[in-house]
Amino acid sequence: MRKTRSLEQWRSIIEEQQASDLTITDYCQQHVLSKTSFYAARSKLNESSGSFVRAKVAKHVDVTEHQLSITLEVGKVNVSLPPTTPASYLGQLLRELA
């Protein structure tokens, strides 16, 4: 007998499949789902969500080190910059100070 699922139910199913690390084919076989229905629901959900892309965290990294600021000493002038200052900006700054 055919079972009708809501889009929210399909959203949960699709999220479970993505978290399972199984292929869609394997997941559908294990959960007795139609691949055609799975793809149709996924397509419908993608259309309704616009350009939003769900991201999956592959590896969580804790930052434990405190990064020191970048300090440039030119003559009697000290310039302190955050550690996230882009290298291209540092290069431009050094060229201007030289």
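I began with burial, and I noted that 16% of the 98 residues of the protein chain count as buried. I kept in mind that this is a predicted model, and I looked up its confidence, finding a mean pLDDT of 83 for the protein chain, with 89% of its residues at 70 or more. Among the elements, helix H4 (residues 87-97) has the lowest mean pLDDT, 82, while H2 has the highest, 94.

Next I turned to the secondary structure, which comes to 4 helices and 2 strands, and when I read along the sequence I found the pattern α-α-α-β-β-α.

I then asked which residues make up the largest nonpolar core. I listed 10 residues in all, namely Trp10, Ile13, Ile14, Ile24, Tyr27, Cys28, Leu33, Phe38, Ala41 and Leu45. The elements that give two or more residues to this core are helix H1 (7-20), helix H2 (24-30) and helix H3 (35-48). I wrote beside this that nonpolar side chains tend to be buried together in soluble globular proteins.

How do H1 and H3 pack? I found an angle of about 105° between them, with their axes 10 Å apart, and because angles of 65 to 115 degrees count as roughly perpendicular, I recorded H1 and H3 as roughly perpendicular to each other. On the H1 side the contact is made by Leu7, Trp10, Arg11, Ile13, Ile14 and Gln17, and on the H3 side by Ser37, Phe38, Ala41, Arg42, Lys44 and Leu45. I sorted the residues of this contact into 7 nonpolar, 2 polar and 3 charged.

Last, I followed Leu45, which touches Leu7, Trp10, Arg11 and Ile14 when residues up to four places away in sequence are not counted.

Conventions: Residues are numbered from 1 along each chain as its sequence is written. This is a predicted model: local features need pLDDT of at least 70, side-chain atom pairs count only at pLDDT 80 or more; totals for chains, interfaces and linings use all residues. Side-chain values use heavy atoms; hydrogens and water are left out. A nonpolar core is a set of buried Ala, Val, Leu, Ile, Met, Phe, Trp, Tyr and Cys residues joined through side-chain atoms within 4.5 Å. Buried means under 20% relative accessible area, exposed over 50%, partly exposed in between (1.4 Å probe, protein chains only). Contact means heavy atoms within 4.5 Å. pLDDT is the predictor's confidence in each residue, from 0 to 100. Axes are lines fitted to C-alpha atoms, for helices over the stretch in contact, and angles run from 0 to 180 degrees between N-to-C directions. Angles under 35 degrees count as roughly parallel, over 145 as roughly antiparallel, 65 to 115 as roughly perpendicular and the rest as oblique. Ala, Val, Leu, Ile, Met, Phe, Trp, Tyr, Cys and Pro count as nonpolar, Asp, Glu, Lys and Arg as charged, and the others, Gly among them, as polar.
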